[in-house]
Amino acid sequence: MNLINRALNKIIRGTEWYDRYWDSVPKFWSLRTFDIEIVNLGSNAGKYDFCYEGCKLTGMNWSTGRQSLVHDFNILKNYFSYLKEGAFVVITISPFSCIKAKYTTRSNLKYYTFLHPATIIGFDEQERIKALTIKANPFKAMPGLCIKRTLKEYARQILPRRKPAKCDFQKEARTIVDNWWMRQFGITDLDAPLSANHSQDQSDRAKTLHGMVEFCVERGLRPVIVIPPVHPELSHLLSGTFRENYIYTFIRKAETAPAPFIDYMDDTRFQKDEYFQNPYFMNKQGATAFTNQLIIDLTK
């Protein structure tokens, strides 16, 4: 690799778009911190709702964006040795954690760069080679994309920033329920009992959750199951019937007795517009406030 190529790759690896390309997995490539006292797993809610800056415990966010409980478990299996004995493992539960989602080949690419091949769902050797090639030399592997996105990012830094539009929480909450969840999982009525397929999914995912709790306990770690806060406009759309069918029944099936279950979904301390970037994801201010409170609750 010549000096110019090496310099270009250094610039690319320092950009925000490159971190987003890999869904924040580069944090695992350079992980050197041991004796971590608290980590969280989880899908996108896990990614956005936890921030350990300034916390009294050494923490790390182990969410890489969209990932299932099975992905969570595989990350835990690969990296538990970085945790201090007695560390808290926060297993983040979303409203649809009990349902299996389809993951594209592209969305699976990131796992080849930091997980053991035996723990990768649907392992494909050609995809592993592709992922490691891009990781080793992004400019050579995808020059057009690297140039385009890097220039675009630098341009945004130079040009005056437009004030972001204020979120319409009511409208966005409806979009999340209708387009993100109901359409993705093929659900027509949130209050109806689970379909036969979704019931089977729930049973399978309950076994995964049970296994995660057992895995932690056997290794002297302290698992805790957490539902993070959501904006009131979103929580209002998730009825008690829905929560019983999709969340609480799921937790009971998993038999997670050694792990405390803490539900912050309707916690009034976090029901502030300024804590959310959209009805489902907290912003940095909200994530910091929530994470600090969670640590207080866990260490009482």
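The largest pocket in this structure is lined by 27 residues, of which Ser 43, Arg 66, Trp 181, Gln 184 and Phe 185 lie nearest its centre. A pocket here is an open set of points on a 1 Å grid over the protein atoms alone, with protein on both sides within 12 Å along at least five of seven lines, and a lining residue has an atom within 4 Å of a point. The elements that give two or more residues to this lining are α4 (44–49), α5 (69–79) and α10 (169–185). Helices are DSSP runs of H or I with at least four residues, strands are runs of E with at least two, and both are numbered from the N terminus.

Before I continue, a word on the source. This is a predicted model, in which local features need pLDDT of at least 70 and side-chain atom pairs count only at pLDDT 80 or more, while totals for chains, interfaces and linings use all residues. Residues are numbered from 1 along each chain as its sequence is written, and side-chain values use heavy atoms, with hydrogens and water left out.

Let us return to the largest pocket. Its space amounts to about 500 Å³, where a volume is the space filled by probe spheres set on the grid points, and points are joined across faces, edges and corners. Which helix contributes the largest share of the lining? That helix is α10, with 5 residues. By class, the lining has 13 nonpolar, 10 polar and 4 charged residues. In this scheme Ala, Val, Leu, Ile, Met, Phe, Trp, Tyr, Cys and Pro count as nonpolar, Asp, Glu, Lys and Arg as charged, and the others, Gly among them, as polar.

The whole structure has 1 cavity of 30 Å³ or more; a cavity is a set of points where a 1.4 Å probe fits but cannot get out. The largest cavity holds about 50 Å³ of space. Among the residues that line this cavity are Ala 45, Asp 49, Ile 93, Met 265 and Tyr 280. Its lining divides into 9 nonpolar residues, 1 polar and 1 charged.

The search of the whole structure finds 11 of them, a salt bridge being a side-chain nitrogen of Lys or Arg within 4 Å of a carboxyl oxygen of Asp or Glu.

Buried means under 20% relative accessible area, exposed means over 50%, and partly exposed lies in between, with a 1.4 Å probe and protein chains only.

In the second example, Arg 219 pairs with Glu 218, and their closest N and O atoms are 3.4 Å apart. Arg 219 is partly exposed, at 34%, whereas Glu 218 is exposed, at 60%.

Now consider helix α13, residues 240–254. Its 15 residues, at 1.5 Å a residue, should span 21 Å, and the end C-alpha atoms are 20 Å apart, which agrees. The expected span is 1.5 Å times one less than the number of residues. Where is the kink in α13 centred? The kink, of about 30°, is centred on Tyr 248; the bend at a residue is the angle between axes fitted to the seven residues ending there and the seven starting there. The buried residues of α13 include Phe 242, Arg 243, Tyr 246 and Ile 247.

Finally, two loops deserve attention. Glu 255 is in the loop between α13 and β5 (261–263). Its phi is near 50°, a positive value in a residue other than glycine, and Glu 255 is exposed, at 58%. Ser 24, in the loop between α2 (16–21) and α3 (26–29), has a positive phi near 70° and is buried, at 13%. Asp 23 lies in the loop between α2 and α3 and is partly exposed, at 25%.
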